[in-house]
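Visitor: Can you take me through this one? I'd like the overall picture, then some detail.

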Amino acid sequence: MESHGKEESRGPVLHIVVVGFHHKKGCQVEFSYPPLIPEEGHDSSTLPEEWKYLPFLALPDGAHNFQEDTIFFHLPPRCGERKTVYGVSCYRQIEAKALKVRQADVTRETVQKSVCVLSKLPLYGLLQAKLQLITHAYFEEKDFSQISILKELYEHMNGSLGGTLLEGSQVYLGLSPRDLILQFRHKVLILFKLILLEKKVLFYVSPVSRLVGALMTTLSLFPGMIEHGLADSSHYKPRKSNSEDINLAEVTVSSEDYVSVNVSDISNSSQESGEDTNQTNVFSTNEIFHVDHISSQQQKEICPLVSEDNHFLKPPSRTSPDSSESEWETLDPNALDEGVSTEGLQKDSVEHPETFLTDQTTSTTQPITVQPQPNTGQSIVYPGLVSGLDEDQFGLPLAVFTKGYLCLPYTALQQHHLLSDVSVRGFVAGATNILFRQQRHLTDAVIDVEETRIQIHDPDLRKVLNLTTADLRFADYMVKHVTENRDDVFLDGTGWEGGDEWIRAQFTLYLQSLLSSTLQQDNEKMLADFGSAFVTAWKITHNYRVWHSNKHPAFSDINPGHPFQGQYSVADVKLRLSHSVQNSERGKKLGNAVITTSRSVVQTGKAVGQSVGGALTSAKSAMSSWFSGFSQPTSSVYSEPHSGKH
């Protein structure tokens, strides 16, 4: 284990791994450098228990349908570590007859392999760019026994990559919010608010590269989330037998995990009027007492790399809040069909009945005069006392992916049980297998990336997530800036206004304004612009309660209130009707009916026009012939004398 630790301390890259598909054994590790288990060799297929799903993540289900693909995935930390391991895998397949050296176990017509990097830093796009080149070169050798290039890759990455890369824009390489808005348009804000509520969200599309791109780009809209917010996002244990689960739960699960599991069972109704601190303290006190009774010697036997101070066994200073995911699990197949009757529209129309249809201009110019600044990489982060994450002066990133709320960019079929695991209070997961999508009772929302559709099963949750008029102005403001510049060949997502960094800055301003509004006295009207029902639901989430438990003086410089607050105008009515028609099932049906009807009218008009026109043509011909019958003799009579004179 000591040699393993020395290897890890060299740089951010932990291992280079090759995963292949064996015709009898299935997906398995064929090579690892340094070895995944130090006592084993480079060619050992033995896996650490925490990483037993690694082969199925690196070589995804249905990969044979694509010539190449890219996968982002997360692995739980190994014993003695606390942070998530970030995996990037490049998959390719090659015809067996093209190999220069054909191994004896190659019995199929094609050979499928993945080369993956396991890193301590979430540099997804940067790792992908380097790994794609090496994977291409590795396959061009046509001899998979040539592993020297993989060892050179390990040395090169550890020599060139460092923690300072998290401070710049390279951490967002390959993650384009601009493309996300061009695809999902106003619904991107719904995705943003859905994740803030810590619901069970499943992204679905093929291939995996498109899946993980959409999911991670959505998370990149949260300030600091990619850089520092995913360190605790994959703390789960592989499935074991019931007896093993009981024994391990009594010894190895930390107090933080205990709090997460038990508080998730508290009824949501008890949290409406305020935080039920007595009940949560009862749970946390008993469980922390249980963990504290584990002797230091037992802890060393369980995990020899545990530090002497046992800092990660200390109880959290603020317990996890109620997570009411089970109350959202219904089988309603409709999606966003209540777009028109939103709470924001009803509430604001009551408060401003006389100004609902005025010609007064809205306050859409406010974000233009107070533009958020681009990320210059100069922000300073500090270890969060409650969240355990590195935070900036505003307490960001929010502690969304902590205490059993998982981020799984790609989820293998073998991990299906995690969606119903009692220790998992929620997740943002990606899947390509249809079985995940069919298990609707395990999710609160399914994001169909191909159809750009958000399927929210619970009608109450749909109402909570309905965008207010101010939200629609904010979303429309971004959509217009992105779509107006989409043909600019010099922009390509790298410019400021309408570019990727600009979009992230807009969401940073939105979140900071929301947080600042919650700190104000008599803030009901301010919060109504964000959605009163949404804010009420958000205030009982874990991430808000952790953020609210600390003071953040930097918010004195942030103006409270929605960036697009203001009175209604005719433009707002048009915007809401347009959004409702485009994004609700009823609106889509109505739109399709109008299109079908218009086509039928056009076709019928053409048919009628053809028939009527044909009749008129025939009538004209008949009349012309009839008149010609009268005029022909006359003309001939007059013409003959005229011609006779010649």
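Guide: Among contacts in the chain between residues at least 6 apart in sequence, 74% join residues at least 24 apart. Keep in mind that this is a predicted model.

Visitor: How many helices and strands does the chain have?
Guide: The secondary structure comes to 23 helices and 12 strands.

Visitor: And what share of the residues is buried?
Guide: Of the 646 residues in the chain, 51% are buried.

Visitor: Let's look at a helix pair. At what angle do α3 and α4 pack?
Guide: Helix α3 (residues 124-140) and helix α4 (residues 148-160) pack at about 160°, and their axes are 11 Å apart. An angle over 145° counts as roughly antiparallel, so α3 is roughly antiparallel to α4.

Visitor: Left-handed or right-handed crossing?
Guide: The crossing of α3 past α4 is right-handed. On the α3 side, the contact is made by L127, K130, L131, I134, A137 and Y138. From α4 come I149, L150, L153, H156, M157 and S160.

Visitor: How do those contact residues divide by type?
Guide: In the contact of α3 with α4 there are 9 nonpolar residues, 2 polar and 1 charged.

Visitor: Is S513 buried or exposed?
Guide: S513 counts as buried because its relative accessibility is 3%, and the cut-off for buried is under 20%.

Visitor: Which residues does S513 contact beyond four places in sequence?
Guide: Leaving aside neighbours within four places, S513 is in contact with F530, I558, N559, P560, G561 and P563.

Key: Residues are numbered from 1 along each chain as its sequence is written. This is a predicted model: local features need pLDDT of at least 70, side-chain atom pairs count only at pLDDT 80 or more; totals for chains, interfaces and linings use all residues. Side-chain values use heavy atoms; hydrogens and water are left out. Axes are lines fitted to C-alpha atoms, for helices over the stretch in contact, and angles run from 0 to 180 degrees between N-to-C directions. Helices (H or I, at least four residues) and strands (E, at least two) are DSSP runs, numbered from the N terminus. Angles under 35 degrees count as roughly parallel, over 145 as roughly antiparallel, 65 to 115 as roughly perpendicular and the rest as oblique. A crossing is left-handed if the near helix is turned anticlockwise from the far one by less than a right angle, and right-handed if clockwise. Contact means heavy atoms within 4.5 Å. Ala, Val, Leu, Ile, Met, Phe, Trp, Tyr, Cys and Pro count as nonpolar, Asp, Glu, Lys and Arg as charged, and the others, Gly among them, as polar. Buried means under 20% relative accessible area, exposed over 50%, partly exposed in between (1.4 Å probe, protein chains only).
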